[in-house]
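Colleague: Could you take me through this model, with the cut-offs behind each term?

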Amino acid sequence: MYITRGQLSRVVDSYQQPLNERRMFSAEHPDASVFLSHKHDEKALLLHVKAFFEHLGMKVYVDWLDAKMQHPTDKKTAEDLKKQISNNDKFIFIATEGAMDSPWCSWEIGIGDAIKLEDDKIAILPIAENDGTWKKHEYLQIYPHIEYEDGHSTYCNGRLIPQGYYVEYPSENGSIRVVPIKEWLRTGMPTTKFL
């Protein structure tokens with residue numbers, strides 16, 4: 001099941017720590033890190049996604065929270081973004097209708113693909129407005145995507161997938177492969193999977 005804006009908001013609201021918009025990225029932080037590719041005018045959604053991944057123990061990079069990125073977009077912006085995509089452990093694209101139509105997001109996915117795909121370090125986080133058909137953006141179907149399993153409806157090899165958040169890989173020969181999100185965030189190729 002795709003994650004909805006409302007579900008994401010409820011999950012973040014359940015955390016004990018309040019949402020902190022001013023938490024800045026620090027390259028010195030020792031934990032694993034995530035680069036979030038997103039549409040800039042969807043800041044409220046982005047802040048919830050950021051809090052979600054921080055709650056999972058990840059350091060999250062958001063370009064407009066980086067003081068070094070506070071300049072008009074130009075060639076230097078592209079160079080800095082490319083460096084950040086490379087430097088962060090994982091690349092996650094927040095797939096909303098607006099983000100899929102953004103030239104900058106499309107460019108970032110291309111960079112993320114070149115740098116992260118082979119090492120299993122790229123995923124799509126579709127937000128529920130998208131029905132998964134990816135009209136005009138069919139190329140997104142080649143990437144793993146983050147989903148919520150309710151623990152009642154998805155079976156793999158006769159086993160019910162427990163409730164939680166997972167990275168689901170594109171189907172190969174009709175088989176489903178999912179990995180718990182926490183495991184995917186902290187490793188390269190997954191060790192736990194449902195086939």
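Modeller: Asp 80 is found in helix H3, where helices (H or I, at least four residues) and strands (E, at least two) are DSSP runs numbered from the N terminus. This is a predicted model, in which local features need pLDDT of at least 70, side-chain atom pairs count only at pLDDT 80 or more, and totals for chains, interfaces and linings use all residues. Residues are numbered from 1 along each chain as its sequence is written, and side-chain values use heavy atoms, with hydrogens and water left out.

Colleague: Is Asp 80 buried or exposed, and what is its relative accessible area?

Modeller: Buried means under 20% relative accessible area, exposed over 50% and partly exposed in between (1.4 Å probe, protein chains only). Asp 80 therefore counts as buried, its relative accessible area being 17%.

Colleague: Which residues does Asp 80 touch, not counting residues up to four places away in sequence?

Modeller: Contact means heavy atoms within 4.5 Å. With residues up to four places away in sequence not counted, Asp 80 touches Lys 68, Met 69 and His 71.

Colleague: How are the axes of H3 and H5 described, as parallel or oblique?

Modeller: The axes of helix H3 (residues 75-87) and helix H5 (residues 103-116) come within 10 Å and cross at roughly 40 degrees, the axes being lines fitted to C-alpha atoms over the stretch in contact, with angles from 0 to 180 degrees between N-to-C directions. Angles under 35 degrees count as roughly parallel, over 145 as roughly antiparallel, 65 to 115 as roughly perpendicular and the rest as oblique. H3 is therefore, relative to H5, oblique.
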